[in-house]
Amino acid sequence: MMQLSTLANGLRVATRPMQSVETIAVGLYAATGSRNEPAHLNGVAHLFEHMVFKGAGGKSAREISELVEDVGGDFNASTDRELTAFYLSLLAPDLDLGVNLLADLIRRPHFDPQHLELEKKVVLQELAEANDTASDLVFDLLQEASFADQAIGRSVLGDQRTIGAVTPDDLQDWLRTQYVPGSLVLVGAGKLEHARLVDLAEKAFGSMPEGIALAEDRARFTGGRRNGRRKSAQAHVALAMAAPEWSAADAYASQLFADVVGAGSSSWLFQQLREDQGLAYSVAGGTQNYADTGMFWCYAASDRDNAAHVHAEIERVLADAAAGLGQRDLERARALAKAGMMMSLESCWGQASYLATRLLRDRELIEPAEIVARLDAVTLDEVRAVGERMIAGPRALASVGAKLAA
């Protein structure tokens with residue numbers, strides 16, 4: 001069963017014991033990301049994630065890597081718009097090592113100026129790679145068009161100017177204001193005991209002062225257009241509409257509508273754009289539900305000469321789906337959603353990630369069976385209604401490889 005404890009300073013510790021395995025996954029999640037950044041430091045959240053691995057707790061980057069790999073483990077991290085995560089996969093006896101390394105990263109990072117300049121070069125290479133990948137670039141443009149002039153609309157990676165501006169003091173400020181106990185969750189799953197992880201958390205994080213990280217502003221979907229200037233062999237077209245926030249009553253319905261439209265090879269977009277007309281190889285759709293807003297998106301990559309037609313066909317399919325999707329469509333989407341969640345929970349890391357997601361989004365631990373029950377409770381009328389509301393609202397449109405007319 002899932003267990004939850006909260007330290008006196010507000011840091012939450014959650015576990016899911018799995019006694020049938022010999023491994024553990026342990027991670028520290030922070031409820032902060034690029035949407036918490038000021039405009040002039042766009043990219044600092046992601047750069048911070050990189051920099052703590054360059055040296056922390058008196059250990060060099062190589063020593064950190066060797067400590068983990070000497071015991072056969074894996075250590076990684078990720079940054080998104082609302083979340084930053086540091087996570088390890090280890091053998092069960094190495095839980096202490098994992099917790100202590102996580103504590104070093106956010107309590108004792110070095111932020112050496114020379115290391116910072118070197119890591120900026122690495123991040124700029126990552127940015128260049130993303131900009132060279134049309135299917136990545138179009139989604140950054142879509143995010144910017146969806147949330148114009150807002151932190152949540154900016155790239156997680158930042159840009160050359162803002163990355164270059166970050167100083168060691170900026171990283172220290174980010175650490176001080178964002179990595180505070182009220183916004184942190186320590187999760188563990190696998191062959192471990194809850195009381196043991198709580199004890200380790202108290203020793204490693206218990207002396208941190210209370211606090212909570214705040215986003216820069218409340219997000220709102222604006223809509224707009226962005227055309228990438230980069231040449232591409234194909235046209236990449238992405239369309240978005242406002243969707244419910246994570247806590248909304250119709251959030252699950254919005255996800256199921258998006259799955260009917262764009263998830264898998266049986267989705268409406270895949271069948272009609274690829275199978276029936278041969279217009280695109282890559283076709284997809286989905287919903288991103290944030291803390292205070294959301295974005296329903298559709299994407300297709302096609303021949304450049306067909307870009308406008310593909311855009312028109314996406315709009316047609318959306319209108320048809322909102323008006324005509326049936327119970328069988330809903331049941332297929334529901335089965336995909338439930339199976340995807342349950343399959344992910346078969347690994348230690350899937351269980352640990354699930355714990356963090358529930359705590360940071362729902363603010364409580366919810367058993368998977370309850371999520372299944374919520375999905376089962378969504379009706380066809382609710383899915384149609386949220387689909388109609390989403391497609392009736394403003395649009396964001398992004399393209400790379402072909403300029404779409406207004």
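**Notes on the predicted model**

1. E66 counts as partly exposed, at 35% relative accessibility; buried means under 20% relative accessible area, exposed over 50%, and partly exposed in between, with a 1.4 Å probe and protein chains only. R62 is exposed, with a relative accessible area of 63%. The side chains of these two, R62 and E66, meet in a salt bridge at 2.9 Å, N to O (a side-chain nitrogen of Lys or Arg within 4 Å of a carboxyl oxygen of Asp or Glu). Both R62 and E66 belong to helix α2 (residues 61–69), four residues apart, or about one turn of the helix. An α-helix has 3.6 residues a turn, so residues three or four places apart point the same way. Helices here are DSSP runs of H or I with at least four residues, strands are runs of E with at least two, and both are numbered from the N terminus.

2. On the basis of these notes: this is a predicted model, in which local features need pLDDT of at least 70 and side-chain atom pairs count only at pLDDT 80 or more, while totals for chains, interfaces and linings use all residues. Residues are numbered from 1 along each chain as its sequence is written, and side-chain values use heavy atoms, with hydrogens and water left out.

3. A second salt bridge joins E315 and R395, with the closest N and O atoms 2.9 Å apart. E315 lies in helix α11 (residues 307–324) and R395 in strand β13 (residues 395–400), so the pair ties together parts that are 80 residues apart in sequence. E315 is partly exposed at 23% relative accessibility, and R395 is partly exposed at 26%.

4. Which buried residue has no salt bridge? E49 is buried yet has none, and the nearest side chain of opposite charge, K54, is 12 Å away. E49 is in helix α1 (residues 44–51). Leaving out residues up to four places away in sequence, E49 touches A77, S78, T79, T84 and F86; contact means heavy atoms within 4.5 Å.

5. H110 is in the loop between α3 (95–107) and α4 (113–132). At 36% relative accessibility, H110 counts as partly exposed. Beyond residues up to four places away in sequence, H110 touches G55, A56, G57, G58 and K59. The side chain of H110 reaches the backbone nitrogen of G58 at 3.0 Å, and a polar atom of that side chain lies 3.4 Å from the backbone nitrogen of A56.

6. The largest nonpolar core has 63 residues, of which F257, F296, I314 and L318 touch the most other members. Such a core is a set of buried Ala, Val, Leu, Ile, Met, Phe, Trp, Tyr and Cys residues joined through side-chain atoms within 4.5 Å. Apart from this core lies another, of 53 residues, among them A103, I163, L197 and L200. The contacts of F296, not counting residues up to four places away in sequence, include L239, M241, F257, V261, L318 and M390.

7. Helix α9 (residues 251–262) has twelve residues and reaches 16 Å from its first C-alpha to its last, close to the 16 Å expected at 1.5 Å a residue (1.5 Å times one less than the number of residues). Eleven of the twelve residues of α9 are buried, including Y252, L256, F257 and D259. G264 follows α9 and has a positive phi, near 85°.

8. Helix α13 (residues 348–362) has 15 residues and reaches 21 Å from its first C-alpha to its last, close to the 21 Å expected. Its buried residues include C348, Y354, L355, R358 and D362. Among the elements covering the buried residues of α13 are β1 (3–6), β8 (184–190), α12 (327–344) and α14 (368–377). R363 follows α13, with a positive phi near 65°.

Technical notes. A polar contact is a pair of N or O atoms within 3.5 Å; within protein, one must be able to donate a hydrogen and the other to accept it, and residues adjacent in sequence count only if both atoms are side-chain atoms. Lys and Arg count as positive and Asp and Glu as negative; His and the chain ends are not counted.
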